[in-house]
Amino acid sequence: MSDKHITLHDDAPERSILARLILPDTVVEEDPLEELHGLATTSGTQVVDELIQRRSTPDHSTYLGKGKVEELRLMVERHEADVVIFDNDLTPAQTRNLEKKTNAKVIDRTELILDIFAAGARTHESRLAVELAQLEYSLPRLKRMWTHLSRQSMGVGMRGPGEKQLEVDRRLAQKRIHDLKTELSRVEARRERQVAARSDLPTVSLVGYTNAGKSTLMNALTAADVMAQDKLFATLDTRTRRWHLPDWGHVLLSDTVGFIRDLPHSLVASFKSTLEETRQAELLLHVADASSPQVFEQISAVYQVLEELEIEAKDTLLVLNKIDAITSPRVLNRVLDRYPNAIPVSAKSNSGLLPLAQAVGEALSREFLDVEIDVAHHDGKLLSFLSANGKIESREFGNDHVTVRVRMPAAAMGTVHRSALQVTPTTLEMWKQSASDDAEISAAEGADESAERSSDVA
């Protein structure tokens with residue numbers, strides 16, 4: 001019988017313990033570790049225990065108090081846990097001290113989210129964004145293990161072999177960060193040009209808390225087949241599909257990465273190119289999980305990220321999804337009392353989708369006007385303006401003019417009125433808007449003429 005060594009591979013998931021320090025000014029959910037549990041499960045670990053401490057301030061060396069650190073050590077020992085996951089952000093020193101005292105790997109909330117994003121990144125663009133965010137997070141946490149990040153030679157003129165390894169590692173990481181930022185800048189500029197060039201149809205962008213059901217809603221509205229899973233951060237890359245609105249026409253509907261409470265700032269900055277669809281959209285659909293006990297906090301967290309992206313001022317419709325999962329009408333009414341204009345839907349059962357489509361059409365109509373414009377044959381400038389800024393439906397050529405039927409942004413109508421022979425709205429609502437624009441233009445022109453007469457008299 002041969003004496004061969006057989007290596008057994010343990011494919012079991014890492015065993016994790018969840019921990020959270022709750023400070024006095026923190027908004028506490030019914031289950032303070034529910035979201036972290038979902039994040040830990042998404043990352044592939046098996047949660048075996050939880051620990052919560054309420055404290056006025058964090059301990060500067062171990063974040064938790066000494067008694068809780070000892071309790072955490074005993075938990076790790078009892079469950080043979082591999083990792084302790086904190087629902088807080090730790091300093092590098094606190095992480096090192098906790099690892100020494102618990103004899104287990106310790107990661108904080110930001111590192112966990114970055115790990116999930118890294119596992120879910122599929123496209124070249126999202127991989128660049130995640131790697132940049134990970135490097136910027138890890139740079140102050142280097143532990144002499146970074147040389148695998150780059151195979152490039154340090155080049156002529158660098159300090160010799162006496163240089164400390166940690167300094168070498170830091171330089172490698174900093175160079176990689178510079179290279180990633182340069183590449184992402186090129187990607188962002190290219191994406192911005194691509195999105196801006198696609199001006200034939202208005203864009204509606206889905207935003208919302210992770211796992212609120214954005215991808216499922218996109219599938220229901222557009223008959224698309226984008227991946228929709230009941231897990232956090234299932235979608236990291238932007239997907240765009242054509243959506244037909246009854247009595248309105250086609251729009252482009254985009255779905256991108258979900259947001260979360262305390263989303264790492266470096267991650268938001270890295271994903272700016274991926275979120276370009278959202279930045280340039282005419283309308284945002286903010287999808288919220290109406291069945292979640294934390295729905296109010298999740299809605300607030302999304303608005304905070306939109307503010308950080310400087311797109312919070314965009315026209316937005318709040319969509320309350322997953323109403324099929326609500327067992328009591330009081331739960332939904334509680335949300336509607338605070339957000340009376342919200343639109344309840346169920347992407348899973350296709351409930352409420354028609355009112356949503358109608359609301360989107362009405363919201364877009366506030367920004368766009370359907371008009372017939374008579375343009376003189378020789379006015380090539382106005383014809384070019386209409387082609388560049390509106391969606392032309394038809395042209396009819398007369399003896400001395402062209403009648404163009406077009407859908408135009410309301411903001412562009414001032415230029416149209418100044419040059420067109422005649423502007424005829426195609427609906428009563430459009431006529432009211434156009435009449436208002438005409439009145440404003442006439443008043444402005446009257447004021448200019450009055451000022452000119454006053455100047456002449458003077």
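1. Start with helix α2. Lys66, Gly67, Glu77 and Arg78 are exposed on one side of α2, where exposed means over 50% relative accessible area, buried under 20% and partly exposed in between (1.4 Å probe, protein chains only). Helices (H or I, at least four residues) and strands (E, at least two) are DSSP runs, numbered from the N terminus.

2. This is a predicted model: local features need pLDDT of at least 70, side-chain atom pairs count only at pLDDT 80 or more, and totals for chains, interfaces and linings use all residues. Residues are numbered from 1 along each chain as its sequence is written, and side-chain values use heavy atoms, leaving out hydrogens and water.

3. The buried residues of α2 are Val69, Leu72, Met75, Val76 and His79. They lie on the same side of α2, because their arc around the axis is only 115° (taken from the directions from the helix axis to the C-beta atoms). β1 (15–22), β2 (46–54), β3 (83–86) and α3 (92–102) are among the elements that cover them.

4. After α2 comes Glu80. Its phi is positive, near 50°.

5. Now the cores. A nonpolar core is a set of buried Ala, Val, Leu, Ile, Met, Phe, Trp, Tyr and Cys residues joined through side-chain atoms within 4.5 Å. The largest has 34 residues, and Ile85 and Phe259 have the most contacts inside it. α4 (109–120) is among the elements that supply at least two residues each. With five, α4 gives the most.

6. Beyond four places in sequence, Phe259 is in contact (heavy atoms within 4.5 Å) with residues including Val207, Tyr209, Leu275 and Val302. A second, separate core has 27 residues, among them Trp243 and Leu317.
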